[in-house]
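Colleague: Before I rely on any label attached to this model, I would like to hear the cut-off behind it and the value that is set against it. Could we go through the labels one after another?

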Amino acid sequence: MLSEAKKIVFKVGTSTLTHETGKTNLRAMESLVEVLCDLANSGKKVALVTSGAIGMGVGKLGLKSRPTDTAGKQAAATVGQCELMFMYDKMFSQLGHTVGQLLITKEDVDDEKRRENLIRSFSKLFDYDAIPIINENDAVAVDEIVYGDNDSLSAVVATLIGADALVILTETDGLYTANPLTDKTAQRIESVEKITDEIRSYASGSGTTLGTGGMTTKLHAAEIATNAGIETYIVKGSDARVIYDLIDGKSTGTHFLAQKRGERT
């Protein structure tokens with residue numbers, strides 16, 4: 001089904017982009033960029049929602065841990081966002097693709113006029129064959145205008161641009177019936193027709209030391225996207241070539257089926 005998608009949003013988390021030290025995981029990042037460029041070469045429109053700004057800022061500033069206060073997170077984000085986009089721009093350019101950065105807050109989506117401007121920006125970037133790279137504007141976000149996790153943001157972006165599919169790249173290869181790290185009986189769920197309370201009960205955890213997400217936020221994102229008619233996949237992102245497995249129809253990760261079919265933009 002992913003092979004038929006013409007417009008796809010990909011989301012990658014901090015834990016995939018960085019090592020535990022906070023330094024960049026170059027192997028994972030290069031793999032992701034290569035696959036997205038290849039998909040763009042095939043004629044698909046791709047957009048990337050990326051975490052990592054605060055995590056990279058932590059590493060570059062030499063901090064021992066991720067700041068817990070808002071000002072500290074904002075400061076780390078300003079440093080890390082520069083590093084993040086510098087690397088994306090360099091890697092995509094080397095493979096012949098141009099990228100455009102969009103830093104979004106919840107307020108940008110909630111306000112009708114700003115939302116329309118945002119949609120037009122996405123549309124024009126696609127017209128120019130540029131690849132949008134999106135992150136939350138951590139440097140200015142406060143509690144009232146923050147998404148708090150890029151999983152939800154990726155689902156909102158997918159909805160805004162009328163994407164056919166959303167692919168969330170994370171630490172685990174999909175949703176399990178229990179934590180596969182601690183429970184040997186845990187089974188991977190290949191597909192989910194509808195997110196129910198039972199499905200939600202399988203998700204737990206509060207994310208990694210450098211990131212904010214967990215399976216709970218990814219299920220929430222899947223619910224937003226599938227309710228908007230967008231096929232959603234949660235797959236292990238350490239090697240982005242797993243995306244080719246999805247396109248080839250191989251069983252990997254968890255596929256959340258779209259609940260309805262809306263008009264595509």
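Modeller: A residue is called buried under 20% relative accessible area, exposed over 50%, and partly exposed in between, with a 1.4 Å probe and protein chains only. The model is predicted, so local features need pLDDT of at least 70 and side-chain atom pairs count only at pLDDT 80 or more, whereas totals for chains, interfaces and linings use all residues. Residues are numbered from 1 along each chain as its sequence is written, and side-chain values use heavy atoms, with hydrogens and water left out.

Colleague: What makes Lys11 count as buried?

Modeller: Its relative accessible area is 5%, and because the limit for buried is under 20%, Lys11 belongs in that class. Lys11 sits in strand β1, where strands (E, at least two residues) and helices (H or I, at least four) are DSSP runs numbered from the N terminus.

Colleague: Which side chain makes a polar contact with the side chain of Lys11, and at what distance?

Modeller: The partner is the side chain of Asp151, at 2.9 Å. A polar contact is a pair of N or O atoms within 3.5 Å; within protein, one must be able to donate a hydrogen and the other to accept it, and residues adjacent in sequence count only if both atoms are side-chain atoms. Asp151 is itself one of the buried residues of α7, a helix in which 10 of the 11 residues are buried. If contact is taken as heavy atoms within 4.5 Å, and residues up to four places away in sequence are not counted, Lys11 also touches others, including Val49, Asn150, Ser154 and Val167.

Colleague: What does Val167 touch, and which residues touch the most other members of the largest nonpolar core?

Modeller: A nonpolar core is a set of buried Ala, Val, Leu, Ile, Met, Phe, Trp, Tyr and Cys residues joined through side-chain atoms within 4.5 Å. The largest one has 37 residues, of which Leu2, Phe10, Tyr88, Phe92, Val167 and Ile243 touch the most other members. Its largest share, 8 residues, comes from helix α2 (residues 26–41). Beyond four places in sequence, Val167 touches Leu2, Ile8, Val9, Phe10, Lys11, Tyr233, Val235 and Leu246.

Colleague: What puts the buried residues of α6 on the same side?

Modeller: Leu118, Phe122, Leu125 and Phe126 are the buried residues in question. They cover an arc of only 100° around the axis, which puts them on the same side of α6; the arc is that of the directions from the helix axis to the C-beta atoms. The buried residues of α6 pack against elements including β1 (7–12), β4 (131–136) and α7 (150–160), while Glu112, Lys113, Arg120 and Asp127 are exposed on the other side.

Colleague: Is Asp129 buried or exposed?

Modeller: Its relative accessible area is 55%, and because exposed begins over 50%, Asp129 is exposed. Asp129 lies in the loop between α6 and β4 and has a positive phi of about 60° although it is not a glycine. Leaving aside neighbours within four places in sequence, Asp129 is in contact with Lys45 and Thr98.

Colleague: Why does Asn25 count as buried?

Modeller: At 17% relative accessibility, Asn25 falls under the 20% limit, so it counts as buried. Asn25 is in the loop between α1 (14–17) and α2, and its side chain reaches the backbone nitrogen of Ala28 at 3.1 Å.

Colleague: How many of the residues in the protein chain are buried, as a percentage?

Modeller: Buried residues make up 53% of the 265 residues in the protein chain, which has 10 helices and 8 strands.
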